[in-house]
Amino acid sequence: MLTNTIILSKQIPTLEYSSATERFDETWEAPLSTLLGLGRAAGADFVEFFLERVNYVSCLAEDDAITSITPRLSTGAGVRVFRGKADCYVSTNNISFAGLKAALEKALDIMGLQLPGPNAFIPEINLELFRDYSTKRGKDAWLPLCSTMQEMGEVLLDATSTLGKKASHIQSRRASYFRDWQEVLVAASDGVFARDIRLTQSVGFNLLCADGAHRTSIGQRAGNTSDPKFLKTWDYQEAADEISESAGKMLYADYVESGNYPIVMANHFGGVIFHEACGHLLETTQIERGTTPFADKKGEKIAHESLTAWDEGRSDNAFGTIEMDDEGMPAQRTLLIEKGVLKNFLADRAGSVRTGHPRTGSGRRQNFTFAAASRMRNTYIATGEYKNEDLFASIDKGIYCKKMGGGSVGATGEFNFGVDEAYLIENGKVTKPLKGAILIGEAKEIMNKISMCSQDLSLAPGFCGSVSGSIYTTVGQPHIKVDSITVGGR
């Protein structure tokens, strides 16, 4: 409980608090409220604390052996101080009152602010009624329900054994899994006081096949939030069937001929191009840097009228789903593009302060060592009005990009992406397999060429790196038709 007496600056070194060390709960209100008040008394316009505990483990099976188990435990905090539109961030592994106070003093000093004199009154920061998503949703029970290390190894070895029986010409087969449990607490001088627990898991295959000069590499991953039994229910039999079939077709496929083609891009992970080539350009960090061509295009047409796109944190169990962002704002849905017209940008607190765009619950970070920044969550092109066969039927000669691979994106949206599994489209029909296709384009041009969207929206897990580290996101789309795109090949 907060003290009823007024605190003077000189009394702070003598204060003692008994905050819970095994979890973040209401006992953290008193010390954090005092420190937030201290920061405001020093002249900061806004102060925020982010506390985090992590319990992470990954497991890798290669062929018929477990080759790596990597656990990681960490605890830490970060403090962000704003003065006008400027801000700074300081992190620490010491989450005691003294450790947090030292981090605050460092941040204040960087901003040119000093602690008030010994007889200065420290204002009481009245935090909101503790907003605990973890207890409300039963998340405190998640960690003990997750798979043990022994279960991880058994599942992955069974999976690689199954893959070995289904695929041919195998050079290597791998199955990998990770579990990332994270507890966070956010307290800020605007009254935010909220806690959450996140549980993110992913499992998948990587298969390399070779026969003489013929080679192919195929990967597949599944991801989940909020389900402790995720690994135990992974259908690796079905996943092995799918990846083996893809590898078999791609091993002896012809190389694609370079040129400009209309393409049909599959749903699910096909959404990675929209995420990379356009989604990042709608984050306020890009406006601040002057690296987005869409900075002054809100309310204007930037894409084909067939395209509507969303970013949200609410889809059940999706990889980018969060109850609240890393600034304590509840998750919501943000309409990015509606029938080709740019409607909103993704904004964190700093982005909102510096660009004027409203916050969207998009303040995210890899861990406590990073300040939050505007980042995507579950980002996808919405369902359209066409059937899949309509898309194929509209193409005399083109390429079906069934499974996307890796790629790279320039600062202003120029991209190139490999296609792991592709097929020729002839007279509206999918015919022979092709490999070696690379899609090359620029966001502001390709967005106007997505002329047809089908009705089979599907989401896929992804990993996104940016200014606030690597985070978990979802990409997605239905099958889409791109009228023309440059395809690199042989």
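In this protein, 75% of the contacts with a separation of 6 or more are between residues 24 or more positions apart, a contact being heavy atoms within 4.5 Å. The model is predicted: local features need pLDDT of at least 70, side-chain atom pairs count only at pLDDT 80 or more, and totals for chains, interfaces and linings use all residues. Residues are numbered from 1 along each chain as its sequence is written, and side-chain values use heavy atoms, with hydrogens and water left out.

**Overall form**
- The protein has 11 helices and 25 strands; helices (H or I, at least four residues) and strands (E, at least two) are DSSP runs, numbered from the N terminus.
- Along the principal axes, the C-alpha trace spans about 80 × 55 × 35 Å.

**Surface and burial**
- Of the 490 residues, 55% are buried; buried means under 20% relative accessible area, exposed over 50%, and partly exposed in between (1.4 Å probe, protein chains only).
- Carbon and sulfur atoms hold 49% of an accessible surface of about 20100 Å², computed by the Shrake-Rupley method with a 1.4 Å probe; for residues, only the protein chains shown count as cover.

**A nonpolar patch**
- Ile 66, Ile 69 and Met 149 make a nonpolar surface patch of about 240 Å².
- Patches are made of residues with over 30% relative accessible area and no salt bridge; like charges are joined within 9 Å, nonpolar side chains (Val, Leu, Ile, Met, Phe, Trp, Tyr) within 5 Å.
- A salt bridge is a side-chain nitrogen of Lys or Arg within 4 Å of a carboxyl oxygen of Asp or Glu.
- Ile 66 belongs to strand S3 (residues 65–83) and counts as partly exposed because its relative accessibility is 32%.

**The six-stranded sheet**
- An open sheet with mixed pairing has its six strands in the order S14-S13-S12-S17-S24-S23.
- Strands S14 (341–342) and S23 (458–466) are at the edges with a single partner strand each, so one side of each has no neighbour in the sheet.
- S23 pairs with S24 (residues 469–477) in the antiparallel sense over nine bridges; two strands pair if DSSP finds at least two bridges between them.
- Ala 460 is opposite Val 475 in S24.

**Leu 459**
- Leu 459 is part of strand S23 and is partly exposed because its relative accessibility is 27%.
- Leu 459 and Ala 318 are 141 residues apart along the chain, with C-alpha atoms separated by 7.6 Å.
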